[in-house]
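These are my notebook entries from a first reading, kept in the order in which I looked things up.

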Amino acid sequence: MVSGGTNVGTSSQTQTVIEEVGNIRETGTIPSRIHNDNEIHELELERVFSDTWVFVGHESEIPEPGDYAKRYIGDSPFIFVRDDTGEVRVLFDSCQHRGTTVVRAEQGNTSYFRCPYHNWTYKNTGELVGVPHKEQFFKELDTCEHALDSAPQVDSYEGLVFASLSATAPSLDEYLGDFKWYLDLHLKFAEGGMEVVGEPIRWEIDTNWKIGADNFTGDSYHTLATHKSAMDLDIFPPELSAVGAERTPVDVTECSGHSCMLAYLENQEFAGGYPEDIFTETHLSESELRLAKRLVSSVGTVFPNFSFLQMNLNADPENREVTAFLNIRKWQPLGPKKTQVWNWILVPRDSSEEFKQRAYDTGISTFSVAGNFEVDDFAVWDGIAEAAGSTFGKKIGRRSNFQMGVGEMGDATNISDEWPGPGAVYDTNFEDGTMQTFYQSWYRSMTGRPIDSATEDVNE
Amino acid sequence: MSERFELRLECEEFLFDEAERLDDGKLHEWLELLTDDVEYRVPRRVTRERGSEQSSFSEDGFLYREDMGTLTTRVERYDREYAWAENPPSRTRRFVSNVRVHDESDDEIRVKSNLLLYRNQGDTTEHDLLVGEREDQLRRVDGALKLARRTVYLDQTILATRNLSFFL
Ligand code: FES
Ligand SMILES: [Fe+2]
């Protein structure tokens with residue numbers, strides 16, 4: 001079942017490039033070409049974005065019946081809607097008549113979607129309920145057969161709604177697999193869970209979607225250089241950052257095909273960012289809660305393009321207090337070197353309004369389009385795509401290096417045995433295993449395999 | 001000259017001087033034009049249906065929501081050689097027009113203006129264009145005008161820029 005898929009319509013050169021990514025564990029390198037190549041991009045839309053689970057939105061964005069938001073899976077338009085019965089749906093935004101998109105707004109509230117072309121009208125469940133002059137022109141049309149198509153699979157985890165364009169992909173629960181343990185640290189520490197503040201900020205960058213996704217698996221190495229100016233100003237409080245003696249970092253790799261980085265205080269609870277009284281033991285195990293209370297920074301990617309980041313930061317170290325926020329991301333591919341960034345800030349639902357606002361302000365002033373940390377990331381990521389897509393880059397077979405701290409390069413120690421959570425876990429955040437995991441999942445997905453090799457073994 | 005006309009000229013002069021400081025990268029001098037209790041906000045625009053009862057600007061979504069402290073932190077970051085987003089520095093040129101003085105008390109003046117901001121950076125011809133309306137509250141402090149509150153209403157819901165590493 002695995003073989004064959006990659007050869008159809010794929011040039012042998014592209015085929016070789018994909019295979020080389022599959023060797024990342026041995027070589028620690030990948031062909032840079034995958035970061036700016038038309039053929040690869042087309043294949044990703046067909047394979048990666050059609051066969052995996054892609055993040056759509058958070059349930060708190062559409063709290064009321066009729067609330068909807070326009071969303072995308074790869075390049076396909078969808079309506080993320082809570083219907084009148086309260087059910088969350090992900091409907092393909094393409095009219096059953098001539099196919100134009102029915103929704104043009106980013107979000108709103110409605111009981112009915114009316115197509116602007118010939119006014120076919122759908123309930124917010126997707127059901128076709130209105131065809132103008134049906135009795136005259138469409139006598140035999142069975143409206144029951146013309147509901148808006150739904151994404152083949154829709155499911156949610158702790159308020160995060162994902163959809164899959166594949167009816168046969170394994171369930172979301174299986175897809176997130178063991179990685180749920182890490183999502184839980186960020187989503188389930190407070191009784192009422194998390195909610196989104198405002199609407200996602202969206203902007204476009206001239207790079208490949210994988211650059212943001214791989215950086216967010218835990219490229220801790222770049223923080224020292226790219227974010228030096230923000231670090232020097234103590235926006236990341238020094239006692240919590242890499243220079244803080246008490247801080248323990250880990251890299252979580254190969255966790256059901258996903259990966260992340262965590263840093264926590266070994267000997268101190270409540271790193272400072274969330275209100276102490278927000279933590280509850282209701283939803284977490286003892287070891288999870290222990291860790292959740294000590295987290296100072298974490299970042300991770302659920303393959304393919306959903307990332308999260310939680311940090312304790314300070315937008316104004318002189319006058320404010322350290323504040324935690326949860327930032328979630330979607331790296332939406334618009335082309336081989338064009339990505340639309342979607343950026344949400346989440347806060348504990350049960351926290352005070354004062355805290356929510358402070359957390360939001362801290363989030364946008366550090367990790368958003370105008371964020372003191374992130375503006376510097378966006379300033380350098382476009383160069384990766386530029387060089388990767390260049391003639392000379394292709395001619396010399398330019399490769400990107402992910403060898404840091406892996407194998408003979410460093411002394412990262414695998415501590416999975418004594419670590420309470422799942423995955424192959426290392427005692428440092430200066431190793432590239434998190435990114436190797438991401439590209440391994442990419443390779444598996446591009447060649448029609450499940451992203452998690454463990455799942456495959458079970459199935460065989 | 002009518003008093004009203006004079007007041008508009010004075011406001012324009014303030015806004016043009018402010019624009020010059022920002023375009024010339026004199027950010028510390030820009031901070032001097034702000035009151036200590038300045039509020040600086042750029043709400044997120046949301047594309048809604050025509051006739052929607054909700055505002056086309058988010059109530060709680062922002063690109064910037066700043067005070068003097070956070071603005072100062074930002075400016076101090078730009079002082080550093082490692083602030084890559086502005087290294088090489090952006091070349092910005094802002095066109096401030098349609099200045100409308102809306103109401104006034106003795107020392108508080110509400111001024112609206114349009115902003116067209118061109119930004120080019122590095123060795124490429126590509127550029128960003130940001131367009132919007134600004135609603136400012138100017139306050140007379142010791143005889144001179146200062147900016148006490150600014151809200152920028154951008155015309156784009158999705159920003160065509162890799163980062164907002166500059167002020168609007
Ligand atoms: S395309 Fe929608 S009604 Fe014709
Ligand atoms: Fe970064």
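B:T151 lies in strand β6 (residues 144-154) of chain B; helices (H or I, at least four residues) and strands (E, at least two) are DSSP runs numbered from the N terminus. Leaving aside residues up to four places away in sequence, I noted that B:T151 touches B:R41, B:P43, B:E133, B:R134, B:E135 and B:D136, a contact being heavy atoms within 4.5 Å.

Conventions, before going further. This is a predicted model, in which local features need pLDDT of at least 70 and side-chain atom pairs count only at pLDDT 80 or more, while totals for chains, interfaces and linings use all residues. Residues are numbered from 1 along each chain as its sequence is written, chains are lettered from A and ligands numbered from 1 in the order in which they are written, and side-chain values use heavy atoms, with hydrogens and water left out.

Next, the interface between the chains. I looked up its extent and noted that the contact takes 35 residues from chain B and 42 residues from chain A. The area buried between chain B and chain A is about 3,300 Å², and carbon and sulfur atoms give 52% of it; buried area here is the accessible area (1.4 Å probe) that two parts lose on being put together, summed over both. On the chain B side, B:R65, B:R77 and B:R162 lose the most area to chain A, together 19% of what that side buries.

I then counted pairs across the interface. Between chain B and chain A there are 21 residue pairs in polar contact, both at pLDDT 80 or more; such a contact is a pair of N or O atoms within 3.5 Å, where within protein one must be able to donate a hydrogen and the other to accept it, and residues adjacent in sequence count only if both atoms are side-chain atoms. For the side of chain B that touches chain A, the elements giving two or more residues are β1 (34-45), β2 (57-66), α3 (68-78) and β7 (158-159) of chain B. Of these, β2(B) gives the most, with 8 residues. I also noted that the residues of this side divide into 11 nonpolar, 10 polar and 14 charged, with Ala, Val, Leu, Ile, Met, Phe, Trp, Tyr, Cys and Pro counted as nonpolar, Asp, Glu, Lys and Arg as charged, and the others, Gly among them, as polar.

Strand pairing also crosses the chains: 2 bridges join strand β12 (residues 194-205) of chain A to β7(B), and the two run parallel. Two strands pair if DSSP finds at least two bridges between them. In this pairing A:W203 stands opposite B:L159.

Salt bridges came next. Across the interface, B:R65 and A:D361 meet in a salt bridge at 2.7 Å, N to O, and the pair runs from strand β2 of chain B to helix α12 of chain A. B:R65 is buried at 11% relative accessible area, and A:D361 is buried at 8%. A:D382 forms another with B:R162, the closest N and O atoms being 3.9 Å apart.

A:K356 is buried at 10% relative accessible area, whereas A:E353 counts as exposed at 60%. A:E195, A:R349, A:E353 and A:K356 are linked in a network of salt bridges.

Last, backbone details. A cis peptide bond, with omega about 0°, joins A:F303 and A:P304, and another joins B:N87 and B:P88.

Terms used. A salt bridge is a side-chain nitrogen of Lys or Arg within 4 Å of a carboxyl oxygen of Asp or Glu. Buried means under 20% relative accessible area, exposed over 50%, partly exposed in between (1.4 Å probe, protein chains only).
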